Amino acid sequence: MKTIHSYWAYLVLAILIITVANAIYGLLKKKSFSDKDLRLGLFTLIFSHIQLLIGLGWYFSSPYYKALKANGSEVMGDAASRLLAIEHPVMMILATIIITIGWSKHKKKTEDHKKFKTFVIFYGIGLLLILSKIPWNQWPLV
Ligand code: HEM
């Protein structure tokens with residue numbers, strides 16, 4: 001689970017960055033919102049949801065969750081443990097919720113530039129939240 005989570009993260013980040021960059025480009029160049037743009041948004045949504053499930057699957061059998069249950073105050077007092085036991089999971093769940101809201105909001109928009117704008121805002125915020133709480137000291141794998 002841990003290994004899959006670690007590799008799947010490359011896919012999530014890559015497609016999320018592409019979707020946000022594509023939406024910024026589409027917005028600035030006043031492009032029409034095509035099937036390709038829709039699919040990018042959809043695959044980003046699916047990839048991030050899969051990562052969420054893998055993350056949850058790993059989390060509850062991980063040493064971080066066990067340590068949190070056994071000795072919560074010690075985990076909270078240590079920045080590295082707190083990141084993996086609390087901050088990373090909570091922030092990633094939040095980021096996925098925001099991406100999901102962006103996906104459903106874009107569907108309700110009728111004008112192309114508004115669809116792109118919704119992706120820029122919601123997927124963009126999701127990307128920033130994810131980047132802010134990735135454990136950069138242990139990833140990417142080398
Ligand atoms: C979009 C969502 C997510 C992304 C992009 C993501 C990304 C990552 C990355 C890049 C790592 C470092 C992997 C490594 O050290 O090899 C990691 C570790 C971890 N993630 Fe996530 N994650 C996401 C969601 C979640 C969720 C929802 C949970 C739990 C509820 C979770 C739990 C963990 C845990 C426990 C680790 C530590 C792995 C370890 O060192 O044992 N992640 N995540």
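Reply: Helices here are DSSP runs of H or I with at least four residues, and strands are runs of E with at least two, numbered from the N terminus. The model is predicted, so that local features need pLDDT of at least 70 and side-chain atom pairs pLDDT 80 or more, while totals for chains, interfaces and linings use all residues. Residues are numbered from 1 along each chain as its sequence is written, and side-chain values use heavy atoms, with hydrogens and water left out.

At the iron atom of the ligand, His5 and His88 each coordinate through NE2, at 1.9 to 2.0 Å. The 6 donor atoms (N, O or S within 2.8 Å of the metal, or 3.2 Å for Na, K and Ca, with water not among the atoms) subtend angles of 87 to 179° around the iron, and the arrangement is therefore octahedral; for six donors, this label requires opposite donors over 155 degrees apart and all others between 65 and 115. The two histidines bring together distant parts of the chain, since His5 belongs to helix α1 (residues 2-28) and His88 to helix α5 (residues 79-108), 83 residues apart. Both His5 and His88 are buried, that is, under 20% relative accessible area, where exposed means over 50% and partly exposed in between (1.4 Å probe, protein chains only).

Around the ligand as a whole there are 21 residues, the closest being His5, Ser6, Tyr64, His88 and Gln138, where a residue counts if one of its heavy atoms lies within 4 Å. Helices α1, α2 (35-59) and α5 each supply at least two residues of this shell, and α2 gives the largest share, 6 residues.

The side chain of Gln138 places an N or O atom 2.8 Å from a ligand oxygen, for Tyr64 the corresponding distance is 2.9 Å, and a polar side-chain atom of Trp58 lies at 3.3 Å from one.

Helix α2 also holds Ile50, which counts as partly exposed because its relative accessibility is 33%. Although Ile50 and His5 are 45 residues apart in sequence, their C-alpha atoms are 9.4 Å apart in space.

How values were computed. Four donors count as tetrahedral if all angles lie between 85 and 135 degrees; four count as square planar and six as octahedral if opposite donors are over 155 degrees apart and all others between 65 and 115; anything else is irregular. A polar contact is a pair of N or O atoms within 3.5 Å; within protein, one must be able to donate a hydrogen and the other to accept it, and residues adjacent in sequence count only if both atoms are side-chain atoms.
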